[in-house]
Amino acid sequence: MICALMIDLDDSADFPGNTGVALGRPFSAYPVIVAKSSAHIQRIYVVTASQPVKGVALQYGSILIDPPAGEAPSAQVLLRHGAALIGKELKEEDGSLELLVVLSANTPALTRERLDAGVEALQIRPALD
């Protein structure tokens, strides 16, 4: 199964993903919308502690993952935590993870065409990963 995992570092000083808005939508909505429209992604997970990002995730049918307690949130920590929980969930369903598309909550410029092209390239040439 191909899944997407959007990680959210609960805003950064350089780019306000939790509070930024473009064209009437929160920045964090765009990566989820793109993943949802992908021809390849079957499930979307979001790991965040941010209430605005949780709202976006639920609005677009994503599965929420709470960040691990007791660790300083970093992209690496959130990615590792989310990937482990996704793998566990799929294993319980007798499934497996073919690819994990990693998204960031503050990337409103992502397009479905680019995302699908990346997935297709990895399917053809797994060594690109």
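Colleague: Is Asp 116 buried or exposed?
Modeller: Asp 116 is buried, at 4% relative accessible area; buried means under 20%, exposed over 50% and partly exposed in between, with a 1.4 Å probe and protein chains only. This is a predicted model, in which local features need pLDDT of at least 70, side-chain atom pairs count only at pLDDT 80 or more, and totals for chains, interfaces and linings use all residues. Residues are numbered from 1 along each chain as its sequence is written, and side-chain values use heavy atoms, with hydrogens and water left out.
Colleague: Which side chain meets Asp 116 in a salt bridge?
Modeller: That of Arg 112, at 3.5 Å from N to O. A salt bridge is a side-chain nitrogen of Lys or Arg within 4 Å of a carboxyl oxygen of Asp or Glu.
Colleague: Where do Arg 112 and Asp 116 lie?
Modeller: Both are in helix 4 (residues 112-124), four residues apart, about one turn of the helix. Helices (H or I, at least four residues) and strands (E, at least two) are DSSP runs, numbered from the N terminus. Arg 112 is partly exposed, at 35%.
Colleague: Changing topic, how many salt bridges does the structure hold?
Modeller: Five. Among them, Arg 43 pairs with Glu 89 at 3.0 Å, N to O. This pair links distant parts of the chain, strand 4 (residues 43-47) and helix 3 (residues 75-92), 46 residues apart.
Colleague: Which residues are linked with Arg 43 in a network?
Modeller: Glu 89 and Glu 93. The closest N and O atoms of Glu 93 and Arg 43 are 2.6 Å apart. Glu 93 is partly exposed, with a relative accessible area of 42%.
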